[in-house]
Amino acid sequence: QVQLVESGGGLVQPGGSLRLSCAASGSIFSIAAMGWYRQAPGKQRELVATITNGGSTNYVDSVKGRFTISRDNAKNTVFLQMNSLKPEDTAVYYCNAEIRRRHYTNYVNYWGQGTQVTVSS
């Protein structure tokens with residue numbers, strides 16, 4: 001089996017920073033793209049940022065210049081550094097990864113359980 005475990009959420013004041021981490025574990029052969037999504041109350045889940053195994057990144061316009069996605073391929077971990085946080089960044093943040101399990105040839109999308117980020121004074 002494969003698991004994605006997120007950490008690093010919490011309550012922060014506007015203008016503050018948080019760093020999210022997501023570690024993939026289990027019977028993993030390789031990981032392609034990894035990313036972060038978020039879902040605010042009453043809204044659909046949206047893409048925040050993605051990163052390929054080669055390091056190419058993509059961001060939603062609303063976080064460009066404030067958030068940075070990175071990954072440690074040796075540890076199967078993806079990070080999201082969030083700076084200059086705004087109240088509208090408040091959401092549950094979910095980790096996503098395209099993973100090929102050992103003894104399989106296809107890639108499957110896996111999701112973490114989500115971590116709450118609240119930006120409020």
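Predicted model: local features only at pLDDT ≥ 70, side-chain atom pairs only at ≥ 80, totals over all residues.
Q: How many disulfides does the count come to?
A: The count comes to one disulfide, and it joins Cys22 to Cys95 with an S to S distance of 2.1 Å.

Q: Switching to rings, how many aromatic pairs does the structure hold?
A: The structure holds one aromatic pair; the rings are those of Tyr37 and Trp111, and because their centres are 5.0 Å apart and their planes stand at 65°, the pair is edge-to-face.

Q: Where do Tyr37 and Trp111 sit in the chain?
A: Tyr37 is in strand E4 (residues 28-39) and Trp111 is in strand E10 (residues 108-111), so that this pair, too, links distant parts of the chain, 74 residues apart.

Q: What about the relative accessibility of Tyr37, and of Trp111?
A: Tyr37 has 22% relative accessibility and counts as partly exposed, and Trp111, at 38%, also counts as partly exposed.

Q: Which ring does the charged end of Arg19 sit over, and which one for Arg45?
A: The charged end of Arg19 sits over the ring of Phe79, at 4.1 Å from the ring centre, while that of Arg45 sits over the ring of Tyr94, at 3.7 Å from the ring centre.

Q: OK, the core. How many residues are in the largest nonpolar core, and which have the most contacts inside it?
A: The largest nonpolar core has 30 residues, and those with the most contacts inside it are Trp36, Leu80, Met82, Tyr93 and Ile99.

Q: Which strands supply at least two residues each?
A: Strands that each supply at least two residues of this core are E1 (2-7), E3, E4, E5 (46-51), E7 (67-72), E8 (77-82), E9 and E11 (115-119), and E9 gives the most, with five residues.

Q: Take Leu80, then; what does it touch?
A: Not counting residues up to four places away in sequence, Leu80 touches Leu18, Arg19, Leu20, Trp36, Val48, Ala49, Phe67, Thr68, Ile69 and Tyr93.

Q: New topic, Thr115: where is its place, and is it buried or exposed?
A: Thr115 is in strand E11, and with a relative accessible area of 11% it is buried.

Q: What is Thr115 in contact with?
A: Leaving aside neighbours within four places in sequence, Thr115 is in contact with Glu6, Gly9, Leu20, Ala91, Val92 and Tyr93. For Gly9, the backbone nitrogen lies 3.4 Å from a polar atom of the Thr115 side chain, and for Val92, which is 23 residues apart from Thr115 along the chain, the C-alpha atoms of the two are separated by 5.4 Å.

Q: And the other threonine, Thr77: which strand is it found in, and what does it touch?
A: Thr77 is found in strand E8 and is buried, with a relative accessible area of 10%. Not counting residues up to four places away in sequence, Thr77 touches Cys22, Ala23, Met34, Ser70, Arg71 and Asp72, and a polar atom of its side chain lies 2.8 Å from the backbone oxygen of Lys75.

Q: Which side chain does Ser30 make a polar contact with?
A: The side chain of Ser30, a residue of strand E4, makes a polar contact with the side chain of Tyr107 at 2.6 Å. Neighbours within four places aside, Ser30 is in contact with Glu98, Ile99, Arg100 and Tyr107.

Q: Last one, the backbone: what is the phi of Ser84, and of His103?
A: Ser84 has a positive phi of about 50° although it is not a glycine, and His103, likewise a residue other than glycine, has a positive phi near 75°.

Conventions: Residues numbered from 1 in each chain as written. Heavy atoms only, no water. Disulfide = S-S within 2.5 Å. Phe/Tyr/Trp six-rings, centres within 6.5 Å; stacked < 30°, edge-to-face > 60°. Helix = DSSP H or I, 4+ residues; strand = E, 2+ residues; numbered from the N terminus. Buried < 20%, exposed > 50% of the residue type's maximum accessible area, 1.4 Å probe, protein only. Lys NZ or Arg CZ within 6 Å of the ring centre and 35° of its normal. Core = buried A, V, L, I, M, F, W, Y, C linked by side-chain atoms within 4.5 Å. Contact = heavy atoms within 4.5 Å. Polar contact = N/O pair within 3.5 Å; in protein donor to acceptor, adjacent residues only side chain to side chain.
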